[in-house]
Amino acid sequence: MEWKAEWKYLLLIIAVFLACFYLPVGTERFDNAILEAFHLVKWYAQEHVLLCLVPAFFIAGAIGVFVSQASVMKYLGPAANKVLAYGVAAVSGTILAVCSCTILPLFSGIYRMGAGLGPACAFLYSGPAINALAIILTARILGTEIGIARAVGAVLFSVIIGALMAFIFRKEEQDKLDVQMALPEEEVKRSLWQNALYFASMVGVLVFANWGKPQEPVGTWATIYAMKWLITSGFATALGLILIVWFNMKAWKVGLIAIPVVALAILFPEQPVVAFAAGFVGLSIFTSTDKEELGDWFSSSWGFAKQILPLLLFGVLIAGALLGRVGHEGLIPSEWVAKAVGGNSFMANFFASFAGAFMYFATLTEVPIIQGLIGSGMGKGPALALLLAGPALSLPNMLVINSVLGFKKTATFVGLVIVMATFCGMLFGSYF
């Protein structure tokens with residue numbers, strides 16, 4: 001027996017055995033934490049997988065197949081105009097309005113297609129952080145000053161973090177650029193405006209299918225919410241026509257997809273997600289069996305789903321066990337969090353940033369959570385720190401970023417977000 005080679009396996013077996021032997025099954029907090037983990041992952045599967053991730057996977061797959069690498073490098077590559085690249089990435093969240101998990105397939109798609117690390121990380125941060133509706137809600141509920149600080153801070157964070165990531169890993173970025181510049185330019189089958197309309201139709205489906213219910217029952221946001229599924233249907237219809245006219249998809253295939261969608265929408269008007277799911281099932285069936293570029297689209301989308309979805313579900317499960325759902329506790333007592341974020345000390349701001357980075361926030365849920373914490377004594381500085389770190393990061397989000405960028409880049413990105421949120425919170429708290 002070669003113990004020099006086997007001792008690590010022995011230690012692993014012993015560690016797993018001891019963990020199982022002393023598993024605190026039967027204690028109220030542990031049992032509740034396990035239940036909370038499954039509650040959260042069930043909620044995540046019901047609310048986010050079909051409506052958020054599935055459209056995002058198809059968009060990411062389309063980026064990989066229908067967007068030329070030369071185009072991505074021209075606008076977002078390491079050698080692109082910095083003002084244009086960071087400007088586009090920094091304001092993308094106002095259009096997308098997605099959570100920290102939904103942004104991941106899109107980030108992975110543009111990064112693999114040649115986007116520079118800096119613009120890609122700016123996009124990764126800004127996507128969930130710069131949400132126009134969330135910023136308006138923040139200003140209305142938590143105060144105008146914190147709403148403005150969140151908006152300005154998120155835009156600046158995305159640019160600064162992206163620029164720092166590009167600077168820190170500049171040698172690797174230069175090597176990547178040298179390889180990409182040697183690649184032959186790809187043939188462009190469709191014009192820029194055709195591709196723009198194609199992506200706009202899919203982004204429209206993603207955005208409006210996930211349009212959140214505003215607090216006020218009247219006004220523009222409420223009107224859009226009331227019509228969200230009608231608007232989503234309009235974008236889906238546009239996508240079907242685009243696939244027929246510009247992507248050579250047979251009209252009868254689009255018709256066969258539309259028939260059950262319309263029927264289910266009529267039969268189950270109170271459950272529009274049923275018709276929504278049927279539409280993507282039909283699209284998956286016909287694209288997966290296509291032998292040309294539509295088949296490549298599905299294969300690329302499926303590749304993102306295989307890589308990202310298991311990591312996200314596992315991360316949500318762990319996050320639920322540790323922190324629970326909104327209004328419920330996991331292994332970590334909520335009073336610990338409330339006590340740790342009082343005042344405006346360095347530790348209060350750091351803890352708010354660190355805890356927020358590992359928590360999972362669905363779009364708009366961070367505002368009522370922080371409202372409750374402020375009622376329990378949370379300072380305004382830590383509140384802003386959590387707003388700047390929380391929506392942009394989460395444990396599930398980190399697991400996927402690690403699979404795309406590797407541990408070193410992921411740790412640097414997370415560290416930059418936490419450190420900058422901490423000092424920004426301290427600065428804000430000292431004035432307000």
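## Salt bridges

Lys380 has a relative accessible area of 34%, which makes the residue partly exposed. The model is a predicted one. Glu145 is partly exposed too, at 25%. The side chains of Lys380 and Glu145 form a salt bridge, with N to O at 2.7 Å. This pair joins distant parts of the chain: Glu145 belongs to helix α9 (residues 144–168) and Lys380 to helix α20 (residues 380–389), 235 residues apart.

Arg190 and Glu293 make another salt bridge, their closest N and O atoms lying 3.0 Å apart. Buried means under 20% relative accessible area. Arg190, at 10%, therefore counts as buried. Glu293, at 15%, counts as buried as well. The salt bridge count is two.

## Helix α14

Helix α14 (residues 251–267) has 17 residues. At 1.5 Å a residue they should span 24 Å, and the end C-alpha atoms are 24 Å apart, so the two values agree.

Which residues of α14 are buried? They are Lys253, Val254 and Ile257. Seen down the axis of α14, the buried residues fall within an arc of 95°, so they line one face of the helix. They pack against α13 (228–246) and α15 (272–288). The face turned away from the buried side of α14 carries exposed residues: Trp252, Ile259, Ile266 and Leu267.

How values were computed. Residues numbered from 1 in each chain as written. Predicted model: local features only at pLDDT ≥ 70, side-chain atom pairs only at ≥ 80, totals over all residues. Heavy atoms only, no water. Salt bridge = Lys/Arg side-chain N within 4 Å of Asp/Glu carboxyl O. Helix = DSSP H or I, 4+ residues; strand = E, 2+ residues; numbered from the N terminus. Buried < 20%, exposed > 50% of the residue type's maximum accessible area, 1.4 Å probe, protein only. Expected span 1.5 Å × (residues − 1). Arc of directions from axis to C-beta. Contact = heavy atoms within 4.5 Å.
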